[in-house]
Amino acid sequence: MENVAKKSLETTPTQNTRGKQQIINSLISGAIAGAVAKTTVAPLDRTKIIFQVSSRGFSAKEVVKLIYQTYRNEGFFSLWRGNSATMVRVIPYAALQFCSHEQYKQILGSYFGTHGRPLPPLPRLLAGAMAGITATTLTYPLDLVRARMAVTPKEMYGNILHVFVRISREEGFRTLYSGFSPTILGVIPYAGLSFFTYETCKKLHAEYTGRPHPYPHERLFFGACAGLIGQSASYPLDVVRRRMQTAGVQYRKYTGIIETMRQIVAEEGSIAGLYKGLSMNWLKGPIAVGTSFTTFDLMQILLRKLQDHETLHR
């Protein structure tokens, strides 16, 4: 009995170290995944935000025209304006989202007794939604700053810190959480369905092919499907969120989610207003989410291999 207890005590530090290393790996992999994905689609993301917060009509021709005008008037790199703020937000956001998703999967897996196997459908959905809520709550002000920088001329805000200072001074600190409610309501179906779809695709793939690990191009396709489903389900709330975030620089006032939706529908129509830019998201979203999920998985595999290699040569 004493030997069993002694053995248990000897293995506990190793288990703790392994658990900490998994968390660090998830944070690093998530941060890199978010940075790579968002930088890839930054010009389309900025263009989408401009359409979301304005009343101008949306079409493919107008998208091309706006991108060209931005390039001509402000230069090529202006297409990535606000991307520094995006990186400041998306790196901690993606790190926290992927890391918390891994932790929630372990917690729910222990509760449902899956022992490393894929979670049942409902817990799989719940793990993704909880990961999205966790990351959004902790990084929301950075998202608002990014939206402000994307829709204002560069003379208005000098840098990220300037945005924080000016908003706090002129509009009040609470403005930094303007649009938080629709964001949380939107992130539940978005993150939940995105992670659920991706994990389900990997599970089905393993069952039908017998290969536990999909090829990179298969991961990209699974991630693209996840992004398409997740963003389509939550898109109207994304439009509402952007309107509320940028109300201060658009000289408008929105009092809540329902009132914002009413104003958008009254002025622009239900489909044209609440789904403005969705077709662009069908291009941008699958690319971003596919890149993000694939980069995260490949980084996890790479870090594990490096650590195994290091352990063997000690």
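Analyst: Happy to; we'll take the labels one by one and set each value against its definition. Before that, two notes: this is a predicted model, where local features need pLDDT of at least 70 and side-chain atom pairs count only at pLDDT 80 or more, while totals for chains, interfaces and linings use all residues. Residues are numbered from 1 along each chain as its sequence is written, and side-chain values use heavy atoms, with hydrogens and water left out.

User: Why is valine 90 called buried?

Analyst: Buried means under 20% relative accessible area, exposed means over 50%, and partly exposed is in between (1.4 Å probe, protein chains only). Valine 90 has a relative accessible area of 4%, so it counts as buried. Valine 90 sits in helix α3 (residues 83-112). Leaving aside neighbours within four places in sequence, valine 90 is in contact (heavy atoms within 4.5 Å) with Gly34, Ala35, Lys38 and Ala95.

User: And why does glutamate 199 count as buried?

Analyst: Its relative accessible area is 17%, so glutamate 199 is buried too. Glutamate 199 belongs to helix α6, and beyond residues up to four places away in sequence it touches His101, Lys105 and Arg124.

User: What about isoleucine 32: why is that one called partly exposed?

Analyst: Isoleucine 32 has 33% relative accessibility, so it lands in the partly exposed class. You'll find isoleucine 32 in helix α1 (residues 2-52). For the protein chain overall, 48% of its 314 residues count as buried.

User: Why are α6 and α7 described as roughly antiparallel?

Analyst: Helix α6 (residues 180-209) and helix α7 (residues 216-245) pack at about 170 degrees, with axes 8 Å apart. Axes are lines fitted to C-alpha atoms, for helices over the stretch in contact, and angles run from 0 to 180 degrees between N-to-C directions. Under 35 degrees is roughly parallel, over 145 roughly antiparallel, 65 to 115 roughly perpendicular, and the rest oblique. So α6 and α7 are roughly antiparallel.

User: Then why are α7 and α8 called roughly perpendicular?

Analyst: The angle between α7 and helix α8 (residues 257-268) is about 100 degrees, and their axes are 10 Å apart. That makes α7 and α8 roughly perpendicular to each other. At this contact, residues of α7 including Leu237, Val240 and Met244 meet residues of α8, among them Ile257, Met261 and Ile264.

User: What makes a group of residues a nonpolar core?

Analyst: A nonpolar core is a set of buried Ala, Val, Leu, Ile, Met, Phe, Trp, Tyr and Cys residues joined through side-chain atoms within 4.5 Å. The largest one has 11 residues, including Ala33, Phe98, Phe195, Phe222 and Phe293. The elements giving two or more residues to this core are α3, α6, α7 and α10 (278-312). Apart from it lies another core of nine residues, among them Leu237, Val239, Val240 and Ile264.

User: Which residues does phenylalanine 293 touch?

Analyst: Setting aside residues up to four places away in sequence, phenylalanine 293 touches Phe98, Ser194, Phe195, Tyr198, Gly223 and Ala226.

Technical notes. Helices (H or I, at least four residues) and strands (E, at least two) are DSSP runs, numbered from the N terminus.
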